[in-house]
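Biologist: I have a model open and would like to go through it. Can you help me read it?

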Amino acid sequence: IPVLILGVFIFDMLMNTALRIKSKKVRNFKQWLEYAGKDHLSHRIHHLGMTDRQAVLTVYILSSILGLLAYQIHVHAGFWMGLSGLAAYALACLVCIVLLDRLENHGKAKNG
């Protein structure tokens with residue numbers, strides 16, 4: 001349940017870590033801790049054409065949906081339902097990382 005409540009932020013951290021390692025922006029743990037960039041989820045949403053306000057609102061909505069899902073699992077479901085929800089969340093995160101990476105690379109190829 002805590003993973004779902006913090007799901008957007010965990011996803012953001014995992015996505016940034018994976019893409020920074022892939023692009024070789026980060027080569028060790030110290031660089032990972034010190035790296036600061038504009039490649040977080042809200043920045044990526046903004047680069048897809050939303051305003052800053054819309055990007056932040058999107059992150060809020062996603063966080064709220066995951067929070068409500070966590071509440072529903074806690075109240076109405078058992079351990080296995082929670083585990084399957086967590087697995088679905090992990091799969092969705094992986095798909096989003098791949099899609100956002102491809103969208104970003106497609107945008108770079110199109111613009112330059």
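Biologist: Which residues make the nonpolar surface patch?
Modeller: V3, F79, W80, L83 and L86 make it, and its area is about 530 Å². A patch here joins nonpolar side chains (Val, Leu, Ile, Met, Phe, Trp, Tyr) within 5 Å, or like charges within 9 Å, using residues with over 30% relative accessible area and no salt bridge. Accessible areas come from the Shrake-Rupley method with a 1.4 Å probe, and for residues only the protein chains shown count as cover.

Biologist: Which helix gives the most to the nonpolar patch?
Modeller: Helix α6, residues 79-111, with four residues. L86 is found in that helix, α6.

Biologist: Is L86 buried, partly exposed or exposed?
Modeller: L86 is partly exposed, at 34% relative accessibility. Buried means under 20% relative accessible area, exposed means over 50%, and partly exposed is in between (1.4 Å probe, protein chains only).

Biologist: Before we go on, where does the model come from, and how are residues numbered?
Modeller: This is a predicted model, where local features need pLDDT of at least 70, side-chain atom pairs count only at pLDDT 80 or more, and totals for chains, interfaces and linings use all residues. Residues are numbered from 1 along each chain as its sequence is written, and side-chain values use heavy atoms, with hydrogens and water left out.

Biologist: How many helices and strands does the protein have?
Modeller: Six helices and zero strands. From the N terminus on, the order is α-α-α-α-α-α. Helices (H or I, at least four residues) and strands (E, at least two) are DSSP runs, numbered from the N terminus.

Biologist: What box do the C-alpha atoms fill?
Modeller: Roughly 50 × 35 × 20 Å, taken along the principal axes. The protein has 112 residues, and 25% of them count as buried. Its accessible surface comes to about 8,100 Å², with 69% of that belonging to carbon and sulfur atoms.

Biologist: What share of the contacts join residues at least 24 apart?
Modeller: 64%, counted among contacts between residues at least 6 apart in sequence. Contact means heavy atoms within 4.5 Å.

Biologist: New topic: how many salt bridges are there?
Modeller: Two, by the rule used here: a side-chain nitrogen of Lys or Arg within 4 Å of a carboxyl oxygen of Asp or Glu. In one of them R20 pairs with D39, and the closest N and O atoms are 2.6 Å apart. R20 lies in helix α2 and D39 in the loop between α3 and α4 (41-47), so the pair ties together parts that are 19 residues apart in sequence.

Biologist: Are R20 and D39 buried or exposed?
Modeller: R20 is buried, with a relative accessible area of 6%. D39 is buried too, at 9%.

Biologist: And what about K30 and E34, how far apart are the closest N and O atoms?
Modeller: They are 3.6 Å apart in that salt bridge. K30 and E34 are four residues apart in helix α3, so about one helical turn separates them. Both K30 and E34 are exposed.

Biologist: Which residues is V26 in contact with?
Modeller: Leaving aside neighbours within four places in sequence, V26 is in contact with R20, I21, Q31, W32 and Y35.

Biologist: Where is I73?
Modeller: In helix α5, residues 52-76. I73 is buried, at 11% relative accessibility. Beyond its neighbours within four places in sequence, I73 is in contact with L4 and G82.

Biologist: How far apart are I73 and I1 in sequence and in space?
Modeller: They are 72 residues apart in sequence and 7.7 Å apart in space, C-alpha to C-alpha.

Biologist: And S84 and Q54?
Modeller: S84 and Q54 are 30 residues apart in sequence and 31 Å apart in space, C-alpha to C-alpha. S84 is in helix α6 and counts as partly exposed, at 39% relative accessibility.
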